[in-house]
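Hi everyone, thanks for coming.

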Amino acid sequence: SRLIFSPSSYNVSQNFSVHATDDNIIEGTHVLRINHSVTSDDTRYQLDHQLFGRFTVIDADTASVVVASPRVVVEGQPAVEMCFALSARLSAVVSILVDNGVAVNDTVDYSDVAFVNGLDVSGSASVSLNATTWASGDCVFIYAPEDDVAEGTRTFTVRYELSSDDGNYDGQSGLVVMQVDDNDDATLLVVANNSVLQPGESSTLTAVVTSQPTVPIRLVVGV
């Protein structure tokens, strides 16, 4: 900033302002000083690097993870993107490792049922962010594998953890909550090949279970 005082208006004060620029760098609260110099053909006003003042700058930047992801995944459908970016610049590469989903609040315990699928990472389970990609981010793919079990709608948490030589980010972790919509129905269908019988005739009935049960089921027929 430059101010000019002329001989005719030297006694008119002039204002200037200072402000802290948002730089996306994590610096914490710090003190900055402002110097000023005066130049003129009037040798009485030639002053270099005079200390104008010190200002305390309160940093607005924090080290956090920005996650962008759909909140609902449909079983058997293509994988969806879970993308990670950072809120501020980094001083070293940040790696983010993503775990498979863990079911929460299930009303039925499917943990020991081998043929029940959940919410998994498809392909690479990690991303690395650097000085170029910290703001734009990078993604992993999440999907709900197809199974034949009618579990109903389930809720999962997907955990991620950061590692880096940048101490602002190293060791951070978090959870992303996602819902899996089931595409199976728990239904037992009974179909007769002939619903009108004459005396002495019989009919064959076919029972069909539309999804895989977790334990044996019984169909009791009576008249």
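Let's start at Tyr 110, which you'll find in the loop between strand S7 (102-104) and strand S8 (120-122). Strands here are DSSP runs of E with at least two residues, helices are runs of H or I with at least four, and both are numbered from the N terminus. Before I go on: this is a predicted model, where local features need pLDDT of at least 70 and side-chain atom pairs count only at pLDDT 80 or more, while totals for chains, interfaces and linings use all residues. Residues are numbered from 1 along each chain as its sequence is written, and side-chain values use heavy atoms, leaving out hydrogens and water.

So, is Tyr 110 buried or exposed? Tyr 110 is buried, at a relative accessible area of 11%. Buried means under 20% relative accessible area, exposed means over 50%, and partly exposed is in between, using a 1.4 Å probe and protein chains only. Tyr 110 and Glu 151 are 41 residues apart along the chain, and their C-alpha atoms are separated by 8.7 Å.

Glu 151 turns up again in the lining of the largest cavity, with Asn 117, Arg 154 and Phe 156 also among the lining residues. A cavity is a set of points on a 1 Å grid over the protein atoms alone, where a 1.4 Å probe fits but cannot get out; lining residues have an atom within 4 Å of a point. The volume is about 50 Å³, meaning the space filled by probe spheres set on the points, which are joined across faces, edges and corners.

Next, the disulfide, meaning a pair of cysteine sulfur atoms within 2.5 Å. How many are there in the whole structure? The search finds 1. Cys 83 and Cys 139 form it, with their sulfur atoms 1.9 Å apart. This pair links distant parts of the chain, 56 residues apart: Cys 83 is in strand S5 (residues 80-86) and Cys 139 in strand S10 (residues 138-143). Cys 83 is buried at 18%, whereas Cys 139 is partly exposed at 24%.

Last stop, the largest nonpolar core, which has 27 residues. Such a core is a set of buried Ala, Val, Leu, Ile, Met, Phe, Trp, Tyr and Cys residues joined through side-chain atoms within 4.5 Å. Those with the most contacts inside it include Phe 84 and Ile 96. S5 and S10 are among the elements giving two or more residues to this core.

Definitions and conventions:
On a 1 Å grid over the protein atoms alone, a cavity is a set of points where a 1.4 Å probe fits but cannot get out, and a pocket is an open set with protein on both sides within 12 Å along at least five of seven lines; lining residues have an atom within 4 Å of a point.
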